[in-house]
Amino acid sequence: MNERDSEQVAQMLIARGHTITAEAEGADVVLLNTCSVRDLAEQKALGKMGMLRALSRNRPVIYGFLGCMAQSRGAALLREVPHLDLIVGTQKFHRVADYVDQAIERKWAARRDDIRFSVVDVEEEQDSQSTIRDHLLGDKQVTAFVSIMQGCNMHCTFCIVPYTRGHERSRPPAEIVKEVRALVARGVKEVTLLGQIVNLYGRHEFPSFDGKSPFVQLLDALQQTDGLERIRFTSPHPIGFRNDLIESFARLPKLVEHIHLPLQSGSNRVLKAMHRTYTAEKYISLVDRIRAVTPDVAITTDIIVGFPGESEQDYAKTRELVDRVGFDNAFVFKYSKRKGTPASQMEGQLPDSVKEERNQDLLELVNRWAKRRNEIFLGKTIEILCEGASKTNSDRLVGRTRGNKIVVFEGAREHTGNLLNVRIHRCTGYTLYGEPVSR
Ligand code: 5AD
């Protein structure tokens, strides 16, 4: 989602005649889009902004923090980072280009860097969810993110999102369909629909129809887009993952067989304290129902270890559930205390040593499953969408399967942007390796 928001800002700056530089050294304007989900991300952003200050030693430079951390800390950031010119929150990305131009004008006129006119804009804005809609596509770019909603009303007790992104607001389906059609006209073949709680898209704005939620109706509409090959979405909540959505995987050929389904914990006691409103049994039953309809589905997840009060038994339940489901992959996070969230006030906060131990232990289990789930493809031929040259070895190409597995293979550059079949001959837990075969 941050990548998507940054793309919107970059697109607007370019439309005004700015250029994007890959090297900070040459930049007149330095904007950092920030994540607040864990403290580590905030510390990284602060560290980076501190380092970048050196750029302004010999010339004026505009500095800005955008996004979640700007939203949650607001003007207080100026105390910590006095060289900031802009602090722009999550509902104001579309204003950044204006603020940059104003700041440039002022600073250049003043010819010195010590006059402070910092702009802080962290206001709410009606319909800001509809302002993330422009794209900056690279050469032969085949895959794009599309933001369909903002915010979240679930109030999981560990999570800062309701405070940084606000309450749930969805974009009208017609706007989204139009955006996707325009992307396809520019060569895009795969879209990933983004939302903090994407399966509950439109629940406050649009009615269900014919037993289908607004989200499933949107999937139906996108299925009709000629030239679009694949539809992904991230991230859903197990709550609200109903039969109409489960059946969509069998019904809609463009909807790929991958679901990122955040679990957070396998202990009912912890799930309750997290305010996740499902139980381990319900989660397993959901996975079983999904697999009954789509046996080849890849399921990935997010898990937090070391939530306040998580006992050894609680953690053992998480382990058990991970082993029962056999995830294709999982992000494991050490619980991070977020200011203003209910969990930050809970008793039983655990020392980092305990979190770290569980983190390592769970990663080991997750990685074992990832390898096992990838080995299924050895000797098989699967369809991939080729995204271009591999970042680590430009002689190779990289693509993704419908199940979102990364495939590295040798082949002609012309494959970029195409669907093709690849025969898999080797794998790790992260990557499949193969060679193209004729379709
Ligand atoms: N500490 C650790 N992990 C967190 N996440 C969200 N909030 C926290 C927190 N306070 C994780 C959840 C979520 C993912 C995006 O980040 O697992 O699904």
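At its relative accessibility, does Ser56 count as buried or exposed?

Analyst: This is a predicted model, and what follows should be read as a description of that model. Ser56 has a relative accessibility of 12% and therefore counts as buried, since the cut-off for a buried residue is under 20%. Ser56 sits in the loop that runs between α2 (39-52) and β2 (62-67), and a polar atom of the Ser56 side chain lies 2.8 Å from the backbone oxygen of Arg53.

The chain holds 13 helices and 17 strands. With a radius of gyration of 23 Å, close to the 22 Å that the globule rule gives for 439 residues, the chain is as compact as a globular protein of that length. Along the principal axes, the C-alpha atoms fill a box of roughly 65 × 55 × 45 Å. Among contacts with a separation of 6 or more, 71% are made by residues 24 or more positions apart.

Lys92, in the loop between β3 (86-88) and α5 (96-110), has a relative accessibility of 10% and so counts as buried. When residues up to four places away in sequence are not counted, Lys92 touches Asp121, Glu123, Glu124 and Glu125. Gly326 belongs to the loop between α12 (312-325) and β12, and because its relative accessibility is 1%, Gly326 counts as buried. Leaving aside neighbours within four places in sequence, Gly326 is in contact with Arg291, Trp369 and Arg373. The C-alpha atom of Gly326 is separated by 48 Å from that of His83, which is 243 residues away along the chain.

Pro342 is also a loop residue, placed between β12 and α13 (352-375), but with a relative accessible area of 36% Pro342 is partly exposed. Setting aside neighbours within four places in sequence, the contacts of Pro342 are with Thr157 and Tyr163. Pro342 and Arg319 are 23 residues apart along the chain, and their C-alpha atoms are separated by 25 Å.

The backbone calls for attention at a few points. Most residues other than glycine have a negative phi, and most peptide bonds are trans. His155, in the loop between β6 (149-150) and α6 (161-164), has a positive phi near 55°, and with a relative accessible area of 39% His155 is partly exposed. Thr277, which lies in the loop between α10 (268-274) and α11 (280-293), has a positive phi as well, of about 60°; Thr277 is partly exposed at 44% relative accessibility. The peptide bond that joins Thr234 and Ser235 is cis, with omega at about -5°, and Ser235 is found in the loop between β9 (230-234) and α9 (243-251).

The ligand remains to be described. The residues that surround the ligand are Val37, Arg38, Phe158, Gln264, Asp302, Ile304, Phe333, Lys334, Tyr335, Ser336 and Arg338. Sorted by class, this shell has five nonpolar, two polar and four charged residues. Two strands, β11 (298-305) and β12 (329-334), each supply at least two residues of the shell.

A polar backbone atom of Phe158 is 3.0 Å from a nitrogen atom of the ligand, and a backbone N or O atom of Ser336 is 2.7 Å from a nitrogen atom of the ligand. From a side chain, an N or O atom of Gln264 lies 2.7 Å from an oxygen atom of the ligand. The ligand taken alone exposes 400 Å², of which the protein buries 86%.

Returning to the residue you asked about, Ser56 counts as buried at 12% relative accessibility, and the polar side-chain atom of Ser56 lies 2.8 Å from the backbone oxygen of Arg53.

Key
Residues numbered from 1 in each chain as written. Predicted model: local features only at pLDDT ≥ 70, side-chain atom pairs only at ≥ 80, totals over all residues. Heavy atoms only, no water. Near = heavy atom within 4 Å. Polar contact = N/O pair within 3.5 Å; in protein donor to acceptor, adjacent residues only side chain to side chain. Areas by Shrake-Rupley, 256 points an atom, 1.4 Å probe, with all protein chains shown as cover. Helix = DSSP H or I, 4+ residues; strand = E, 2+ residues; numbered from the N terminus. Nonpolar A, V, L, I, M, F, W, Y, C, P; charged D, E, K, R; others polar. Buried < 20%, exposed > 50% of the residue type's maximum accessible area, 1.4 Å probe, protein only. Contact = heavy atoms within 4.5 Å. Rg over C-alpha atoms; globule rule 2.2 N^0.38 Å.
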